[in-house]
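Welcome! Try each task yourself before reading its solution.

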There are 2 protein chains.
Amino acid sequence: MTTNRFIVLKSRPSGKVRASDFEIVAGPVPSPAGGQLLVKNLYLSLDPGVRNLLGVEEGYLPPIAIGNKLSGTVLGRVIETRHSSFEKGDLVLGRGWIGEYSLIVPNDLCWKFDPRLYPTLSSAIGVLGITGRTAYFGLLEVGRPKTGETVLISGAAGAVGSVAGQIARINGCRAVGIAGGETKRRRLVEEFGFDAAVDYKGRSVPELSAVIAEACPNGVDVFFDNVGGIVLDAALSRMNWAGRVAVCGLISQYDAAPPPRMTNLFYIVAKALRVEGFLLAQFADRYAQAVTDMRRWIAEGLLRYREEVAEGLDEAIPAFLSLFEGTNQGKTMVRLR
Amino acid sequence: MTTNRFIVLKSRPSGKVRASDFEIVAGPVPSPAGGQLLVKNLYLSLDPGVRNLLGVEEGYLPPIAIGNKLSGTVLGRVIETRHSSFEKGDLVLGRGWIGEYSLIVPNDLCWKFDPRLYPTLSSAIGVLGITGRTAYFGLLEVGRPKTGETVLISGAAGAVGSVAGQIARINGCRAVGIAGGETKRRRLVEEFGFDAAVDYKGRSVPELSAVIAEACPNGVDVFFDNVGGIVLDAALSRMNWAGRVAVCGLISQYDAAPPPRMTNLFYIVAKALRVEGFLLAQFADRYAQAVTDMRRWIAEGLLRYREEVAEGLDEAIPAFLSLFEGTNQGKTMVRLR
């Protein structure tokens, strides 16, 4: 019998996520029930959003129980199928286990894909997978920028933010990024072609608000927010009338205890803002268009991306923690052999 | 020469608004310039939103400078016109001065009206004026409740909130109100027909969240928020997937220093919420429909309202302050002779 190794939640993090909250456990590889797929994982996506599943509150998915397997986006090959739309050997991307094998129940966030359409296998889980599609639909469908508008992006050096900023520019907008630290700030302008970028580190809300104003002389029409907290608070103060905030993630708030005071929420009324969260699956019927567009932009050199690939399951926990340290560079994933 | 008496801003309130921040001043009645109307005010609307204009930050209107006239919604009769769409003797509602006479520049929030279509003149500035229309469009167009959904309303005993709750019920929704104090709470159920109501006073966010959960066993689909702060924070924790928050006002935050910590903003992502501010003028092309609907609902006994009418300009300042004390009952206005 083959063994599966996977990560389980050992304790519920009360603040900062620690390595000791997780454990690698071995167990039998299960058989798929009706409607399920058994997949040998090739790549595991590590996403800050998984932090939402470690708390006690129910979000779009129920929280993971102590002792249960961590789940997330995986890319793998079907080795046993009990679902009529999938065959043995298919490459799939879906919600599986952070481990060597996954049972997958196909849904809106699970798709089969043709590797010939992807420049690399890792791009299918990164820039052309969940992260890139999240940037694409979050910016274009939730933020709805118009040509000539200013788009501000927080967490802009991250896998989603860097793609969102470049798509803003491709759509004729001024793209301004917010990132933590001078290295990331410079990378936004020099590597990803943002029109301007600011460093939020060590800045109070009024200070950050002032540097945003400098970088956005015409105000902010769309704010694509991956961060929340004081970064959101500062950005709200610079929104233009009828501005849109696409709330992609609030990574700063997962660990924060206590959460920051919000001084600028009244701009939601004063400027008639729309602040909107979203889930990628809402746009499932248009995935193909997103992949086609982004593949073309990559080929034309308009869309660049970075990947940070950890090797083997043993590296998955440190790589996951790096998402919250701000030390990761680009889309973070684990390659399994 | 006739004299105009009006209220000017004497000092910028840094926290709570005080009577000493305002002064009644006398001056000449001005002549209208091209495009303007000179109006003898009959009713002055007192609205919490005016608080936005007393600070230093620019909202949908620029802040009022120290020594300048307070402006707000007024209802009056045109006594001199230099605008081709208005004649002497017309009854108009528009943005004017909180005083005996106003110069009005007609815009989307200024309209001429036929008093025969309104049960009383005061209803034209209240339930069928800005407040009622704000409730109507904020609920139906921003909140977009569907039959059978649960609509939660904060500031529910106020002029806007009480109308929003009744319109929710007329549209087949469960209406649940939040108000301050047992008297107001009971009035919501007994006078305005809400399905349930809770008192936020003296409650922490988790406590308020728990009583909201009790009153909304199926969760909250639409939250019509007049209050913000901890009330908004508690309500966010009870929103259903793809819920909508129509942000009508954040009255609790005008005076608050420091503003409350927001613990539940992450639900915007976790539940894919839409949180949206609005300005009534966005719906100017559909005012007639709102008035027709609400007039019918009043006639049918489905829509009730209260008015609190102060007599004479000298009572305007205490009546304005009452908006922030929670002591006013229903739409607050001043009648001038």
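**Exercise 1. The axis**

Which residue of chain A comes closest to the rotation axis?

Solution. Keep in mind that the model you are viewing is predicted.
- Step 1: Start with the general idea that two copies of a chain are related by a rotation about an axis and a shift along it.
- Step 2: Here, chain A is superposed on chain B by a rotation of 180° with 0.0 Å of shift along the axis, at an RMSD of 0.0 Å. This is how a two-fold axis relates its copies.
- Step 3: Now look for the C-alpha atom of chain A that comes closest to that axis: it belongs to A:Arg261, at 2.0 Å.

**Exercise 2. The interface**

Describe how much of chain A and chain B meets, and which residues supply the area.

Solution. 
- Step 1: Count the residues in contact: 33 of chain A meet 33 of chain B.
- Step 2: Turn to the area buried between chain A and chain B, which is about 2,900 Å², with 66% given by carbon and sulfur atoms.
- Step 3: A:Arg261, A:Leu265 and A:Val269 supply 20% of the area that chain A buries against chain B, more than any other three residues.
- Step 4: Strand 12 (239-247), helix 7 (267-270) and strand 13 (274-277) of chain A each supply at least two of its residues.
- Step 5: Sort the residues on that side of chain A by type: 20 are nonpolar, 7 polar and 6 charged.
- Step 6: Compare the two sides. Because 100% of the interface residues of chain A are also interface residues in chain B, the copies meet through the same surface.

**Exercise 3. The strands that pair**

In which sense do strand 13 of chain A and strand 13 of chain B pair, and over how many bridges?

Solution. 
- Step 1: Follow strand 13 of each chain (residues 274-277 in chain B); the two pair in the antiparallel sense, over 3 bridges.
- Step 2: Pick out A:Val275, whose bridge partner in strand 13 of chain B is B:Val275.

**Exercise 4. Charges and polar contacts**

How many salt bridges cross the interface of chain A and chain B?

Solution. 
- Step 1: Across this interface, the count of salt bridges is 0, while 5 residue pairs are in polar contact between the chains.
- Step 2: Take one example, the salt bridge between the side chains of A:Glu100 and A:Arg5, at 3.4 Å from N to O.
- Step 3: A:Glu100 lies in the loop between strand 5 (91-97) and strand 6 (101-104) of chain A, and A:Arg5 in strand 1 (residues 3-9), so this pair ties together parts that are 95 residues apart in sequence.

Technical notes. Residues are numbered from 1 along each chain as its sequence is written. Chains are lettered from A and ligands numbered from 1 in the order in which they are written. This is a predicted model: local features need pLDDT of at least 70, side-chain atom pairs count only at pLDDT 80 or more; totals for chains, interfaces and linings use all residues. Side-chain values use heavy atoms; hydrogens and water are left out. Contact means heavy atoms within 4.5 Å. Buried area is the accessible area (1.4 Å probe) that two parts lose on being put together, summed over both. A salt bridge is a side-chain nitrogen of Lys or Arg within 4 Å of a carboxyl oxygen of Asp or Glu. A polar contact is a pair of N or O atoms within 3.5 Å; within protein, one must be able to donate a hydrogen and the other to accept it, and residues adjacent in sequence count only if both atoms are side-chain atoms. Helices (H or I, at least four residues) and strands (E, at least two) are DSSP runs, numbered from the N terminus. Ala, Val, Leu, Ile, Met, Phe, Trp, Tyr, Cys and Pro count as nonpolar, Asp, Glu, Lys and Arg as charged, and the others, Gly among them, as polar. Two strands pair if DSSP finds at least two bridges between them. Copies are superposed by least squares on the C-alpha atoms of residues with pLDDT of at least 70 in both.
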